Amino acid sequence: MTHFLDLVHPRAGTALISEWLTGTAERARAAVDAMIDEWAAAAEPPSALLAQHVFLSTDGTGLLHYAQWTSDEEHLAWARVRRPAVVGRVDALVPGIERPGLNRTRLHRSVVHDAEHRPGVFVVTATAAGEAEDIVRAAPGLLAGHLHLTADGARAIVVTEWTDAAAHEAAAGDRPAFKRYTLHHSFHDGRERS
């Protein structure tokens, strides 16, 4: 699996992180396939959309979108006009997807502990910004951590890279709630990467 920093676009002004809860692995696969079809079918992707990555949860209950845009304003302009049709077509194929909300963030900093090994799993944790440093502190199997801060700086979404789920499980302890994912598909500068 690729390192998270390989997914980061150098011109990104905002990183949008959103979870879609589907309930089952089959529904998650159907939703992600429908979304990929929507991205691929776009006559011309918006130039402000720099990269779009989708991750599948390891427990089979949903997926995570990580989109990078030039700015929040550009994303909002697109969302007002285009998003309802795109999401509507996905919902027609996979009804009942729950979307707890969109997190508008910026990548604040990355801590790389081991650049040699490839991650087997990504772990996403939402927490108060002041508690984020504990999540990226070195631990056996932790390869890297990437702190994303909300616009007000109060909350953090931390994406960590682990060698595998067992290493993360051993280190998790009493850390805040988290969810594990694997990278499923990417679009970068309008080009598809699987």
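Biologist: Which residues of H3 are buried?
Modeller: In H3, Val86, Val87 and Val90 are buried. Buried means under 20% relative accessible area, exposed means over 50%, and partly exposed is in between, with a 1.4 Å probe and protein chains only. Helices (H or I, at least four residues) and strands (E, at least two) are DSSP runs numbered from the N terminus. This is a predicted model, so local features need pLDDT of at least 70 and side-chain atom pairs count only at pLDDT 80 or more, while totals for chains, interfaces and linings use all residues. Residues are numbered from 1 along each chain as its sequence is written, and side-chain values use heavy atoms, with hydrogens and water left out.

Biologist: Back to H3, then. Where do its buried residues sit around the axis, on the same side or on opposite sides?
Modeller: Val86, Val87 and Val90 are the buried residues of H3. They are on the same side of H3 because they cover an arc of only 90° around the axis. That arc is taken from the directions from the helix axis to the C-beta atoms.

Biologist: What's on the other side of H3?
Modeller: Pro84 and Ala92, which are exposed there.

Biologist: And what covers the buried residues of H3?
Modeller: The cover includes E1, H1 and H2. Contact here means heavy atoms within 4.5 Å.

Biologist: Ok, H2. Which residues are buried there?
Modeller: Helix H2 covers residues 72–81, and its buried residues are Asp72, His75 and Ala79. Those residues span an arc of only 60° around the axis, so they lie on the same side of H2. Glu73, Arg80 and Val81 are exposed on the other side of H2.

Biologist: What do the buried ones in H2 pack against?
Modeller: They pack against E1, strand E3 (62–69), H3 and strand E4 (102–112).

Biologist: Switching to charges. How many salt bridges are there in the whole structure?
Modeller: A search of the whole structure finds 9 salt bridges. A salt bridge is a side-chain nitrogen of Lys or Arg within 4 Å of a carboxyl oxygen of Asp or Glu.

Biologist: Why would such side chains pair at all?
Modeller: Opposite charges on side chains can pair when the charged atoms come close.

Biologist: What does lysine 179 pair with?
Modeller: Lysine 179 forms a salt bridge with glutamate 19, and their closest N and O atoms are 3.1 Å apart. The two come from distant parts of the chain: lysine 179 is in strand E8 (residues 178–188) and glutamate 19 is in strand E1 (residues 14–21), 160 residues apart. Lysine 179 counts as buried because its relative accessible area is 18%.

Biologist: New topic: serine 186. Buried or exposed?
Modeller: Serine 186 lies in strand E8 and is buried, with a relative accessible area of 4%. Its side chain makes a polar contact of 2.7 Å with the side chain of histidine 53. A polar contact is a pair of N or O atoms within 3.5 Å; within protein, one must be able to donate a hydrogen and the other to accept it, and residues adjacent in sequence count only if both atoms are side-chain atoms.

Biologist: Last one. What does threonine 182 touch?
Modeller: Not counting residues up to four places away in sequence, threonine 182 touches Met1, Phe55, Leu56, Thr58 and Gly120. Threonine 182 lies in strand E8 and counts as partly exposed at 27% relative accessibility.
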